[in-house]
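User: Hi! Could you walk me through this structure with a few questions and answers?

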Amino acid sequence: VQLVESGGGLVQPGGSLRLSCAASKSIFSFHSMGWYRQAPGKQRELVASIPGDGTIKYADSVKGRFTISTDNAKNTVYLQMNSLKPDDTAVYYCRVREGPKVYWGQGTQVTVSS
């Protein structure tokens, strides 16, 4: 499985970005999909996920600002990020699980700065 992320960049505080993660196969084959992020000097952390039962989960720090969604026809997972803060600066990674195997994207940099 190949995952290609896009949509990162530099944005001012309060701005918005939409990240995309295009998969090389149908997302119906995945047991879970999600977005993680890693800031400099920090551990990688979960941002948002869609587990197998369909219950969407968000990190407390992004609730009400970020939205995870999918486009099954395009085999793509999105992360809409609004009201961005400097603390959201990180490399964002797409992650999917297919059975026992976990796949990661290459990461896309998001920088929130004035």
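Analyst: Happy to! Let us begin with a term: contact means heavy atoms within 4.5 Å. This is a predicted model, where local features need pLDDT of at least 70 and side-chain atom pairs count only at pLDDT 80 or more, while totals for chains, interfaces and linings use all residues. Residues are numbered from 1 along each chain as its sequence is written, and side-chain values use heavy atoms, with hydrogens and water left out.

User: Leaving aside neighbours within four places in sequence, which residues is Val 47 in contact with?

Analyst: Neighbours within four places in sequence are set aside here. What remains for Val 47 is Trp 35, Tyr 36, Arg 37, Lys 57, Tyr 58, Ala 59, Val 62, Phe 66, Leu 79 and Tyr 92.

User: Which residues of the largest nonpolar core touch the most other members?

Analyst: A nonpolar core is a set of buried Ala, Val, Leu, Ile, Met, Phe, Trp, Tyr and Cys residues joined through side-chain atoms within 4.5 Å. Buried means under 20% relative accessible area, exposed over 50%, and partly exposed in between (1.4 Å probe, protein chains only). Of the 29 residues in the largest core, those touching the most other members are Trp 35, Val 47, Phe 66, Leu 79, Met 81 and Tyr 92.

User: How many disulfides does the structure hold, and which parts does the pair Cys 21 and Cys 94 tie together?

Analyst: A disulfide is a pair of cysteine sulfur atoms within 2.5 Å, and the structure holds 1. The sulfur atoms of Cys 21 and Cys 94 are 2.2 Å apart. Strands (E, at least two residues) and helices (H or I, at least four) are DSSP runs, numbered from the N terminus. Cys 21 lies in strand S3 (residues 17-23) and Cys 94 in strand S9 (residues 90-98), so the pair ties together parts 73 residues apart in sequence, S3 and S9.

User: Is that disulfide left-handed or right-handed?

Analyst: Look at the torsion about the S-S bond of Cys 21 and Cys 94, which is about -80 degrees. The disulfide is therefore left-handed.

User: Is Thr 76 buried or exposed?

Analyst: Thr 76 is found in strand S8, and Cys 21 is among the residues it touches. Its relative accessible area is 6%, so Thr 76 is buried.

User: What about Gln 106: where is it found, and is it buried, partly exposed or exposed?

Analyst: Gln 106 is in the loop between strand S10 (101-104) and strand S11 (108-112). Its relative accessibility is 47%, so Gln 106 counts as partly exposed.
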